Amino acid sequence: MIDRPRVAIVLRGWLEENLNLLHSLAKFKRFNANWHVFVDDLARGAEDPDWLLDQGWDGIICKENSDELFRKARERGIACVDLSDSSSLRAGCPKFRPNNVAAGHLGAEHFVEKGFRHFAFCGFEGDRWSEERRDGFVEGLALAGKKCTTFETVYPGVSQPAWEFAEEDEMARWLKTLPKPVAVFACNDLRAVHIVNACQQADFRVPEEVAILGVNNDSARCELSAPSVSSIPIDVSEYARAAGAALEAMIAGADPLDFKEETLIDPLEVVTRRSTSIMAVEDQAVAQALNLIRERACKGITVEEVAKAVHISRSLLEKRFRQYVGRSPQVEIRQAQVIQIKQMLTETEYSLAHIAEMAGFEHPEYMSVVFKRLTHTTPSAYRRKSKELASVGL
């Protein structure tokens, strides 16, 4: 029988980011390692290290901030990789975590490119990862000659209804003090959803008056929100590759001290959903028209209907769109349709005929013509490429 290294993975398995990490570690293992894996998906070992360590392991990958687990594991000569996004560095335990400052820079760039003039950050006071994302956002804005205001409170460690409702009440009061339109960067997707709810409470339109961007791309949480939340994804594929390679090398005998104490993993590009799918415009008619287009582009709305709904002539709407958005209302309608087509091509197995119908096209052939004109590829090729990227964890 082949003697396989025994590896324990300690994380909270109900978090989508951690589930994605497990999938990526599985891909790494399939091609690069021959581990016997145990997944502690309740992270019990982080709170009760002896329960886990008594079984005897060759390696441990832990995403929880547990000094005791890492200390006791190293005392037993177990190779350890630390994936917790904490301030702690543990001797002999290479650490891999998100480049939070880079995520903040990316958030600033996303909003500046959309033309916003007013900015805010919403995070958790005292949590290093949140403060790093704040500092990156502030620094990124400063490079563009912009400033921002902040809203930070202490996270209790576990999200509870009473705490969330109280936070949203306070956020609603804070949002009322901000100039509009304003771009709000949230430290994570939970915080972003809080802001969406606070906007609804304060009767602010998202994204027309308050655009919101989170971090981690917890897609279930982002999609459950109304409107859905844009987010910056963590590169879990690179996380898994780097962590897996380090652990495999240490199990094979590499000195843990030969690895960097801390390696920062850069974020991926923004996943744009409804909460930031708008250019910052102060013209109310254009802002209303953009909102209407995003809501009804796939239901066959025309430029004439948009103009009528916002109570201005078509010619004036055309003029203001070119002034504030840089393209015509008709192009904006097509762009909104293409966004929906891309999502259906990526996330469903619908036929092109069904996608065309859902996107507001009478004929799939014409949908394909429009799609290729705006994306320089066909719907079938786009779907095929998306599947290829997904298969390698990108």
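## Close-up views of a predicted model

**Figure 1. The second largest pocket holds about 1200 Å³ of space.** The model shown here and in the other views is predicted. The lining of this pocket counts 37 residues. Closest to the pocket centre are Arg-12, Leu-15, Trp-129, Tyr-155 and Asn-188. By class, the lining is made up of 15 nonpolar, nine polar and 13 charged residues.

**Figure 2. Helices and a strand contribute to the lining of the second largest pocket.** Four helices each supply at least two lining residues: α1 (16–32), α2 (44–47), α6 (128–143) and α8 (189–202). Strand β9 (210–216) also supplies at least two.

**Figure 3. Helices α14 and α15 cross at roughly 145°.** Helix α14 covers residues 329–347, and helix α15 covers residues 352–359. Their axes come within 10 Å. The crossing is right-handed. On the α14 side, the contact is made by Gln-337, Ile-341, Met-344 and Leu-345. Helix α15 brings Leu-352, Ile-355, Met-358 and Ala-359. By class, the contact has seven nonpolar residues, one polar residue and no charged residues.

**Figure 4. A cis peptide bond joins Lys-180 and Pro-181.** Omega is about -5° for this bond. Pro-181 sits in the loop between α7 (161–175) and β8 (182–186).

**Figure 5. Ala-226 and Pro-227 are joined by a cis peptide bond.** Here omega is about 0°. Pro-227 belongs to the loop between α9 (219–224) and β10 (230–233).

**Figure 6. Asn-217 has a positive phi.** The value is near 50°, in a residue other than glycine. Asn-217 lies in the loop between β9 and α9.

Figure 7. The C-alpha trace spans about 75 × 50 × 40 Å along its principal axes. A compact globule of 394 residues would have a radius of gyration near 21 Å. The chain has 24 Å, which agrees with that expectation.

Definitions and conventions:
Residues numbered from 1 in each chain as written. Predicted model: local features only at pLDDT ≥ 70, side-chain atom pairs only at ≥ 80, totals over all residues. Heavy atoms only, no water. Axes fitted to C-alpha atoms, helices over the stretch in contact; angles between N-to-C directions. Left-handed = near helix turned anticlockwise from the far one by under 90°. Contact = heavy atoms within 4.5 Å. Nonpolar A, V, L, I, M, F, W, Y, C, P; charged D, E, K, R; others polar. 1 Å grid on protein atoms, 1.4 Å probe; cavity = no way out; pocket = protein on both sides within 12 Å on 5 of 7 lines; lining within 4 Å. Points joined across faces, edges and corners; volume = space filled by probe spheres on them. Rg over C-alpha atoms; globule rule 2.2 N^0.38 Å.
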